[in-house]
Amino acid sequence: MPERAHKIFRILTLNQISPLGLKLFSSSHYKVGSDTTEPDAILVRSHNMLDMDIPPSVKAIGRAGAGTNNVPVSAMNLRGVPVFNAPGANANAVKELVLAGLLIASRNLIPAIHFTEKLEGDNETLNRLSENGKKQFAGIELPRRTLGIIGLGAIGRLVADAALRLGMKVMGYDPNITVDAAWNLSSEVKRAESIEDLLRNSEFVTLHVPLLDSTRHLVNRQVVQSMRNSTILLNFSRDGIVDENAVLEGIEMGKIKYYVSDFPSEKLQHHARVITLPHLGASTQEAEENCAVMVTKQVIDYLENGGITNA
Ligand code: MLT
């Protein structure tokens with residue numbers, strides 16, 4: 001059990017954490033900073049803690065986000081140190097960026113923007129050149145097309161709901177939901193029997209599984225082979241879920257029309273059919289505040305009362 005009450009708890013922040021969360025640490029009981037030594041707890045966002053020497057004084061870690069793959073969770077648990085996270089707290093932010101990704105890809109917006117940027121002349125010339133060139137950017141509309149969602153946690157479910165409201169058909173697959181009774185979704189979300197079943201039926205595929213040993217390279221060569229031609233593949237989960245070589249092959253074969261990824265990639269980011277973002281899914285003011293408040297409350301409850309939620 002952590003030591004109680006009167007002592008001053010020292011909190012080390014490894015990333016910028018929203019002030020709305022940090023202000024929950026009352027100044028009389030807590031010292032918070034990015035240079036704190038001998039910390040009682042660490043707050044982290046995306047900083048990689050896997051190779052970090054975590055001081056023995058640490059009693060709890062708070063990850064201001066959903067995934068905990070940047071924290072050595074098993075090693076910490078063996079030391080009796082809980083790792084708290086914020087499941088669902090940024091789900092709406094990620095859902096909105098997935099919708100942006102769907103629209104950017106379905107309407108060929110990135111090549112269209114590059115095309116317009118390169119045009120030169122007065123407005124009359126620009127209009128004429130645009131009219132001549134725009135045919136190549138004709139897109140597709142979303143209603144009645146199928147979005148396949150792999151992973152139906154907090155984010156996958158919000159994406160399913162939004163896609164249905166846009167008039168899309170939705171098919172879902174979750175490697176972790178194996179029994180019918182747990183399939184607690186709108187009856188409009190069709191349950192795929194397997195990833196292959198989902199891929200055969202989906203024009204758009206979006207990934208929302210955590211990065212685990214069992215999900216690393218879930219999208220591999222064999223999976224890509226099962227895709228329909230011209231699939232738009234979106235990855236707002238973790239880059240390790242996708243085998244980048246398989247994506248490149250898929251693009252060459254015409255299986256993948258666009259790969260929209262929330263991760264920079266040395267191999268992929270200059271490819272004309274790949275759209276990469278600097279991990280922006282959870283980067284909204286609201287999501288940063290929600291995550292910070294959720295983990296801070298958990299860390300405080302643990303340090304002061306030994307309470308455990310979401311560890
Ligand atoms: C998450 O796991 O929720 C995100 O990676 C959060 C973030 O971008 O910080």
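In what order do the seven strands that form an open sheet follow one another, and how do they pair?

Author: A word on the basis comes before the reply. This is a predicted model, in which local features need pLDDT of at least 70 and side-chain atom pairs count only at pLDDT 80 or more, while totals for chains, interfaces and linings use all residues. Residues are numbered from 1 along each chain as its sequence is written.

The seven strands lie in the order E8-E7-E6-E9-E10-E11-E12, and their pairing is parallel. Strands here are DSSP runs of E with at least two residues, helices are runs of H or I with at least four, and both are numbered from the N terminus; two strands pair if DSSP finds at least two bridges between them. Strand E8 (189–191) and strand E12 (274–276) stand at the edges, and because each has a single partner strand, one side of each is left without a neighbour in the sheet. From one strand to the next the twist averages 20°, with axes taken as lines fitted to C-alpha atoms, for helices over the stretch in contact, and with angles that run from 0 to 180 degrees between N-to-C directions.

Further in, strand E9 (residues 204–207) runs parallel to strand E10 (residues 231–235), and four bridges join them; one of the pairings sets Phe 204 against Ile 232 in E10. E10 pairs in turn with E11, again in the parallel sense, over five bridges, and Thr 231 stands opposite Ile 256 in E11. Strand E11 (residues 256–261) is mostly covered, since six of its six residues are buried, where buried requires 20 or more other C-beta atoms within 10 Å of the residue's own, exposed means 12 or fewer, partly exposed lies in between, and the C-beta atoms are placed from the backbone.

A loop residue deserves a look as well. Leu 142 is found in the loop between helix H5 (123–133) and strand E6 (146–150), and it counts as buried because 20 other C-beta atoms lie within 10 Å. Leaving aside residues up to four places away in sequence, Leu 142 touches Leu 102, Ser 106, Leu 166, Gly 167 and Met 168, a contact being two residues whose C-beta atoms, placed from the backbone, lie within 7 Å. Val 205 is 63 residues from Leu 142 in sequence, and the two are 13 Å apart in space, C-alpha to C-alpha.

The chain is divided into domain 1 (9–89 + 285–305) and domain 2 (91–276), with bounds that come from an automatic or database domain assignment. The centres of the two domains, taken over C-alpha atoms, are separated by 32 Å, and their contact takes six residues from domain 1 and six residues from domain 2.

There is also an open sheet of five strands, with parallel pairing and the order E2-E1-E3-E4-E5, whose edge strands, E2 (30–33) and E5 (83–84), each pair on one side only. Strand E3 (residues 41–44) is joined to strand E4 (residues 60–63) by four bridges, with Ala 41 opposite Ala 60. Helix H10 (residues 285–305) packs on this sheet, touching strand E1 (9–13), E3, E4 and E5, and its direction makes about 170° with that of E4. In a regular strand the side chains alternate between the two faces of the sheet. In E3, Ala 41 and Leu 43 point one way and Ile 42 and Val 44 the other way, and all are buried.

Finally, the ligand is surrounded by Arg 45, Ser 46, Gly 65, Ala 66, Gly 67, Asn 90, His 279 and Ala 282, a residue being included if its C-beta atom, placed from the backbone, lies within 6 Å. By class, this shell has two nonpolar, five polar and one charged residues, where Ala, Val, Leu, Ile, Met, Phe, Trp, Tyr, Cys and Pro count as nonpolar, Asp, Glu, Lys and Arg as charged, and the others, Gly among them, as polar.
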